[in-house]
Amino acid sequence: MIEGIKETHFQFPNQTGFYSGKVRDIYFFENELAMVATDRISAFDVVLPRAIPFKGQVLNQIAQKFLEATSDIVPNWISASPDPNVSIGLKCETYAVEMVIRGYLAGHAWREYRDGKRMLCGVPLPEGLKENDRLPEPIITPTTKAKEGHDEDISREEILAQGIVSEGEYIQLEKYTRALFQRGTEIAAEQGLILVDTKYEFGKFNNEIYLIDEIHTPDSSRYFYMEGYEERQATGEKQKQLSKEFVRQWLIENGFQGKDGQQIPDMTDEVVQSISDRYIELYEKVTGESFEKQSGTNVVERIEKNINQYLAKH
């Protein structure tokens, strides 16, 4: 099987820095950055040992599509995509919080609720909810943006009290978050999907707020299939979903949740192939377009060549 892109180590003309995140390799220039979506996959804030073929291309191309579809709501950082795995754009100063918004009680929010919590990031939750129930209205549950280790839940009040974001800017981030989620919900509905929850990241450039990173991808969002949702909720069945949650579930079933002393289960070729297939399925379902696998004997060389060609012209 094709090997995914595990890492890149390029050195470009006028490069000023490099950062390797959980999934992306970022090359910094004076006012720009080149973001390479590798095929690394993380869950429970741990990068898993094997890369997933085509995952980076899926994430990069979904993000570009949705950044373009929301550019009338908030300006975004992207200016070019010289390669299916690459986005180039403004080097923004990143806000130290991620804006998580939830329309349904799923994932982390459900696990907290199941364990008895009725307050999430300072937001009260009503009694009597079941897993995957729709919330009375979407709630914003921010997290701190950790450079290493786990992101932590944080409330609006704590963000303002600690001066992480000024009140005026935070109010604007909340407005953008709600408007983006509404747009994402509408686009998902056109494809027969429910946008369950997602996260947005923002930054500043020349004192203006920009939407940065990726949006509405399977790594940052959870989708349910709309058809049969009500029936599944009524009968207590699991929802049919498109997200990275299936990877987390596979890990949980094999005794791993990112806790000390736990071993990551063996990722066989079959497991890697099935995850790749699910990412491609998600791309096609979310965008309504066929996925075109970018071939080539050496994908890393292709990426380096395409970035170099872009830099030479700009």
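Reader: Hi! Are tyrosine 104 and phenylalanine 224 buried or exposed?
Author: Tyrosine 104 is buried, and phenylalanine 224 is buried as well. Buried means under 20% relative accessible area, exposed over 50%, and partly exposed in between, with a 1.4 Å probe and protein chains only. This is a predicted model: local features need pLDDT of at least 70, side-chain atom pairs count only at pLDDT 80 or more, and totals for chains, interfaces and linings use all residues. Residues are numbered from 1 along each chain as its sequence is written, and side-chain values use heavy atoms, with hydrogens and water left out.

Reader: Thanks! How many aromatic pairs are there in the whole structure?
Author: A search of the whole structure gives 13 aromatic pairs. Tyrosine 104 and phenylalanine 224 form an edge-to-face one, 6.3 Å centre to centre with 75° between the planes. Rings of Phe, Tyr and Trp (its six-membered ring) pair if their centres lie within 6.5 Å; planes under 30 degrees apart count as stacked, over 60 as edge-to-face and the rest as tilted.

Reader: And where do tyrosine 104 and phenylalanine 224 sit in the chain?
Author: Tyrosine 104 is in strand E9 (residues 97–104) and phenylalanine 224 in strand E16 (residues 221–225), so the pair links distant parts of the chain, 120 residues apart. Helices (H or I, at least four residues) and strands (E, at least two) are DSSP runs, numbered from the N terminus.

Reader: Which residues of helix H2 are buried?
Author: In H2 (residues 107–114), they are Gly107, Ala109, Trp110, Glu112 and Tyr113. The buried residues of H2 pack against E9, strand E10 (119–120) and E16, where contact means heavy atoms within 4.5 Å.

Reader: Nice. New topic: how do helices H6 and H7 cross?
Author: The axes of H6 (residues 245–253) and H7 (residues 269–287) come within 10 Å and cross at roughly 155°. That is why H6 is roughly antiparallel to H7. Axes are lines fitted to C-alpha atoms, for helices over the stretch in contact, and angles run from 0 to 180 degrees between N-to-C directions. Angles under 35 degrees count as roughly parallel, over 145 as roughly antiparallel, 65 to 115 as roughly perpendicular and the rest as oblique.

Reader: Which residues make that contact?
Author: H6 brings Phe246, Val247 and Trp250, while H7 brings Val271, Ile275, Arg278 and Tyr279.

Reader: Last one: is lysine 305 buried or exposed?
Author: Lysine 305 counts as exposed because its relative accessibility is 52%. Its place is in helix H8 (residues 299–313).
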